[in-house]
Amino acid sequence: MLFVLFQLGQDRYALDAAQVEEILPLIGVTAIALAPAGVAGAISYRGVPVPVLDLSSMTLGRPAARRMNTRIVLVRWPDRDGALRLLGLIAEKVNNTMRRNPDDFLDPGIGNPDAPYLGKVATDAQGLVRRVEIDKLISPEVHAVLFAQQAAA
């Protein structure tokens, strides 16, 4: 299985590449007034507005560093109704991939109820890589804010 690698601070994370639609440069993100913590705003992708989360803000409590290798990773997020929606994820140092068997990822023994999207870990010569569970990124409260207008339509 192929994974897209990125960093948050000094730690490495992996996204299932099968759920990635496209990796974009860090283009202009339009802020959403009074958005929940971690919501960076929205972008227009092929004429469609797409909400964008800042993974550094969500995980580390600070916005992602604006670097050449900071990207918006567009993922197909499974809505609670079963529909796939596009969701942008701002991530730092998006510059590599790895192939691993999903069974290589093991329970780290430490969980965080405030970050259920942080999944199992695998090890390699560089240390730990933590898997990000895309389907657990958005709480019901944030979902209601991000997709309220689409639900009303």
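1. Leaving aside its neighbours within four places in sequence, which residues is Phe6 in contact with? With contact taken as heavy atoms within 4.5 Å, Phe6 touches Asp11, Arg12, Tyr13, Ala14, Leu15, Leu55, Ala91, Glu92, Lys93, Val94 and Val132.

2. The model is a predicted one, in which local features need pLDDT of at least 70 and side-chain atom pairs count only at pLDDT 80 or more, while totals for chains, interfaces and linings use all residues. Residues are numbered from 1 along each chain as its sequence is written, and side-chain values use heavy atoms, with hydrogens and water left out.

3. Phe6 and Leu137 are the residues with the most contacts inside the largest nonpolar core, which has 26 residues; such a core is a set of buried Ala, Val, Leu, Ile, Met, Phe, Trp, Tyr and Cys residues joined through side-chain atoms within 4.5 Å, where buried means under 20% relative accessible area, exposed over 50%, and partly exposed in between (1.4 Å probe, protein chains only). Two or more residues come from each of β1 (2–8), β2 (11–16), β6 (71–78), β7 (84–99) and α2 (140–146), helices (H or I, at least four residues) and strands (E, at least two) being DSSP runs numbered from the N terminus. The most is given by β7, with four residues.

4. A second, separate core has nine residues, among them Leu24, Ala64, Ile72 and Leu74.

5. Leu34, in the loop between β3 (20–25) and β4 (39–45), has a positive phi near 55° although it is not a glycine, and it counts as exposed because its relative accessibility is 87%.

6. Arg46, in the loop between β4 and β5 (48–54), is likewise a residue other than glycine with a positive phi, near 55°, and at 67% relative accessibility Arg46 counts as exposed.
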